Amino acid sequence: MLPSPSKPALDFLAMALSVICLIHCLSIPLALLLIPSFSYALLQSETLMHWILLGFAAPISMVTLYLGHRRHGVPIISVLGLAGLLFMLIGASHLFGRDLESALTVIGVSALFVAHWRNMFELRHAIKGRQGQP
Ligand SMILES: [Zn+2]
């Protein structure tokens, strides 16, 4: 059974994954400066970490944003979410080289975060509207 789109748990989970990925990506340049020996391990696991996060984020986001769209009908949220996942995929697959992996992933997870935040807002609005609340 699919989860109810009125419950924001999956949006929160997707947003948490986005924040984890943001922290991960932004910690790499900091680690390069502060702890060079640790940053090597971080760099070696960077792509694997992004595939794992994408593996969780893609199904969660597609289900949550699809169910949300059925309720609120705001297409830009799904477009933003899919664009975010696409940026994450392009970054992790090194389609434009490994140098752009972190930048593309940061753009992707930021777009995904905004999509889920907006999805929660629109769902709350749609539910209130249906219940006749202001
Ligand atoms: Zn990362």
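1. In this predicted model, helices H3 and H5 pack at an angle of about 25°, and their axes are 10 Å apart. Angles under 35 degrees count as roughly parallel, so H3 and H5 are roughly parallel to each other. Their crossing is left-handed. On the H3 side the contact is made by Glu46, Thr47, His50, Ala57, Ser61, Thr64, Leu65, Gly68, Arg71 and His72. On the H5 side it is made by Glu101, Thr105, Leu112, Ala115, His116, Asn119, Glu122, Leu123 and Ala126. By class, the residues of this contact divide into six nonpolar, nine polar and four charged.

2. Glutamate 122, one of the H5 residues in that contact, deserves a separate entry. Glutamate 122 touches Gly68, His72, Val74 and Ile77, leaving aside residues up to four places away in sequence. Is glutamate 122 buried or partly exposed? It has 18 other C-beta atoms within 10 Å and is therefore partly exposed, as a buried residue would need 20 or more.

3. The overall make-up is as follows. The protein has five helices and zero strands, and from the N terminus its elements run α-α-α-α-α. The C-alpha trace spans about 60 × 25 × 25 Å along its principal axes. Of the 134 residues, 30% are buried. Among contacts with a separation of 6 or more, 73% join residues 24 or more positions apart.

4. Next, H3 against H4. The axes of these two helices come within 10 Å and cross at roughly 165°. Since angles over 145 degrees count as roughly antiparallel, H3 and H4 are roughly antiparallel to each other. The crossing of H3 and H4 is left-handed. From H3 the contact takes Thr47, His50, Trp51, Leu54, Ala57, Ala58, Ser61, Leu65, Gly68 and His69. These meet Ile77, Ser78, Gly81, Leu85, Met88, Leu89, Gly91 and Ala92 in H4. The residues of the H3 and H4 contact comprise ten nonpolar, eight polar and no charged.

5. H1 (residues 9-34) also packs on H3 (residues 46-72), at an angle of about 160° and with axes 9 Å apart. That angle makes H1 roughly antiparallel to H3. H1 passes H3 in a left-handed crossing. The H1 residues concerned are Leu10, Asp11, Leu13, Ala14, Leu17, Ile20, Cys21, His24 and Ile28. Their partners in H3 are Glu46, Met49, Leu53, Phe56, Ala57, Ile60, Ser61 and Thr64. The contact of H1 with H3 holds twelve nonpolar, three polar and two charged residues.

6. Which residues touch the most other members of the largest nonpolar core? They are Ala14, Ala57, Met88, Leu112 and Ala115, out of 22 residues in that core. H1, H3, H4 and H5 each supply at least two residues of it.

7. Not counting residues up to four places away in sequence, methionine 88 touches His50, Leu54, Ala57, Thr105, Gly108 and Val109.

8. A backbone point concerns histidine 94. This residue has a positive phi of about 60° although it is not a glycine. Where does histidine 94 lie? It is in the loop between helix H4 (75-92) and helix H5 (101-130). With 13 other C-beta atoms within 10 Å, histidine 94 is partly exposed, because exposed residues have 12 or fewer.

9. Serine 110 is in helix H5. It counts as partly exposed, with 15 C-beta neighbours inside 10 Å. Serine 110 and valine 19 are 91 residues apart in sequence, and their C-alpha atoms are 8.3 Å apart in space.

Key
Residues numbered from 1 in each chain as written. Predicted model: local features only at pLDDT ≥ 70, side-chain atom pairs only at ≥ 80, totals over all residues. Axes fitted to C-alpha atoms, helices over the stretch in contact; angles between N-to-C directions. Helix = DSSP H or I, 4+ residues; strand = E, 2+ residues; numbered from the N terminus. Parallel < 35°, antiparallel > 145°, perpendicular 65-115°, else oblique. Left-handed = near helix turned anticlockwise from the far one by under 90°. Contact = placed C-beta atoms within 7 Å. Nonpolar A, V, L, I, M, F, W, Y, C, P; charged D, E, K, R; others polar. Core = buried A, V, L, I, M, F, W, Y, C linked by C-beta atoms within 7 Å.
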